[in-house]
Amino acid sequence: MNLQTKILLTLLLVLAIGLTTASFITNRTATNAYQGYLNTNYQQNLRAIADQASERYVESRSWQSVQDWLDTVAPGGRGPGMIEGRGGMGMMRQMHGGSWLLVAPNSGQPLIGNAAPVAAEELANGAPLTVAGQVVAVLVATNHMSMMIGPAEQQVIDQVNRATLIAAGVAALAALLIGGLLVSNLLRPLRRLEAGMAQVAQGQFDVQVEVRNRDEIGQLAIGFNQMAANLHQQEALRQRMVTDIAHELRTPLSVVQGNLQAILDGIYPLELSEIRTIAEEISLLTRLVNDLHELALAEAGRLPLTLQSTPVADVLQHMAESFRPLTAVQSVTLTVEPAHEPVQVLADPDRLQQILYNLLGNALRHTSKAGTIHLSAVLAGDNRVRFTIQDTGSGIPAADLPYIFDRFYRVDKSRTRTDSYTSSSGLGLAIVKSLVEAQAGRVGVESREGMGSRFWFELPGAAGAPILAVATK
Ligand code: ADP
């Protein structure tokens, strides 16, 4: 059963309960009101007859003659059915089928004949006959039906009930009609959402549903749109990554395969130099796979990190010593600042070294003979440590700068791979960015083609570390 049917059935149930209760209460109220009116009227009429009977008694002094008169005017009695004064036809109509009796005020014993005394209730409902201020008799109606609702009255009540039922039916129909329209209107955005969900379930993520208002369903639609947009972006990233990986792995694999095949076919001699080339390609492949794994972990936020207070100067010195032989070979000057200051950074020491290794490696790779690389770390505002790796190398073209941290992005697409340090995977900066961000930091670059580059990253300073210098941009 769909939601619309459920809501309509609920509405119908609520209406049925409400209208049944309303018509029951109306019926009871009408009947009671009518019964009350009849009782009052009956009492008044009975009193009027009692008064006339008193007068007749005063005139005749004979209960027999009064009773005879009563018999002639009683409803269903022998007489013409008319009395004078109040009551008239109304009284006659109302007191149908009854007989009237004069009884003693205390005992209820009929004054004429030997009939048994009337019941106490009848006596209590009777009307007194008073002569000179004394109650001399009580006029009682022996037939209780005379106080009940007759067919004519019942007809009026039935009419009221019918009118109530018709009104209830019309109200129910109108409520259902309007309710149906409202429900269908209310459910329209949900249907759009349902259609969108179905598309997403089929793997079609470039779907957005219309948001017309900001109520709960509107919020749901906004959330859905965000979710779909994220999925779409993730899917695009995933597809691009798969294509990139396949593309990156294909080249070294074909080199390995081609070289091996050439050796097997006797084209290349089975010499150490050939095997070295193959080993280099395999080590590049291994590095690529490792880098990709690391990148995937970092991007998923699942990279194991041991954040600790790390002395910056020690790390910088260690990096400088590691790179000294390479800089010497390339005749590049490497300077470090500060040399011995006790600035502390909150970072994973191994990951910090990895970041610096990538950035220094890039700087060295792009800096020609007699150039300089300057490595520094200073405490910036907001207790952050800012690391800078500045070189006087080739610089990066402005058109490439926005994509430089993207995975597999290379400025010089034709760069050859030689060894694990100088080889170019296009992943180095993407890994740097992920590692920095995984440690609550941020990374950036300023560069001009032919003028050198300045890469920087900031990491949180370790609490309590002394402030030694404030970075100036
Ligand atoms: P790769 O492994 O190819 O170096 P990276 O992600 O580390 O990949 O770098 C991406 C691109 O950015 C490189 O291809 C290179 O052209 C450029 N690049 C990186 N660092 C520097 C630098 N210090 N000077 C000039 N170009 C750089």
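A residue counts as buried when its relative accessible area is under 20%, as exposed when over 50%, and as partly exposed in between, with a 1.4 Å probe and protein chains only. Helices (H or I, at least four residues) and strands (E, at least two) are DSSP runs numbered from the N terminus. By these terms, 8 of the 11 residues of helix α10 are buried, so α10 is largely enclosed by the rest of the structure.

This is a predicted model, in which local features need pLDDT of at least 70 and side-chain atom pairs count only at pLDDT 80 or more, while totals for chains, interfaces and linings use all residues. Residues are numbered from 1 along each chain as its sequence is written, and side-chain values use heavy atoms, with hydrogens and water left out.

The chain has 10 helices and 10 strands, and buried residues make up 38% of its 473 residues.

The buried residues of α10 (residues 428-438) are Gly428, Leu429, Ala430, Ile431, Val432, Ser434, Leu435 and Val436. Their cover includes α7 (272-299), α9, β9 and β10, where contact means heavy atoms within 4.5 Å. Just after α10, Ala440 has a positive phi of about 60°.

One of these neighbours, α9, has an axis that comes within 10 Å of the axis of α10 and crosses it at roughly 150°. Axes are lines fitted to C-alpha atoms, for helices over the stretch in contact, and angles run from 0 to 180 degrees between N-to-C directions. The crossing angle makes α9 roughly antiparallel to α10, a label for angles over 145 degrees. On the α9 side, Arg351, Gln354, Ile355, Asn358, Leu359 and Asn362 take part in the contact, and they meet Gly428, Leu429, Ile431, Val432, Leu435 and Val436 of α10.

Next comes the sheet. Strands of a sheet pair through backbone hydrogen bonds, either parallel or antiparallel. Here 5 strands form an open sheet with mixed pairing, in the order β5-β7-β8-β10-β9; two strands pair if DSSP finds at least two bridges between them. β5 (333-337) and β9 (442-448) are the edge strands, each with a single partner, so one side of each has no neighbour in the sheet. On average, neighbouring strands are turned by 15° against each other, direction ignored. Helix α9 (residues 349-366) packs on this sheet, touching β5, β7 (372-380), β8 (384-391) and β10, and its direction makes about 20° with that of β8.

Ser447 stands opposite Ser453 in β10.

Technical notes. Angles under 35 degrees count as roughly parallel, over 145 as roughly antiparallel, 65 to 115 as roughly perpendicular and the rest as oblique.
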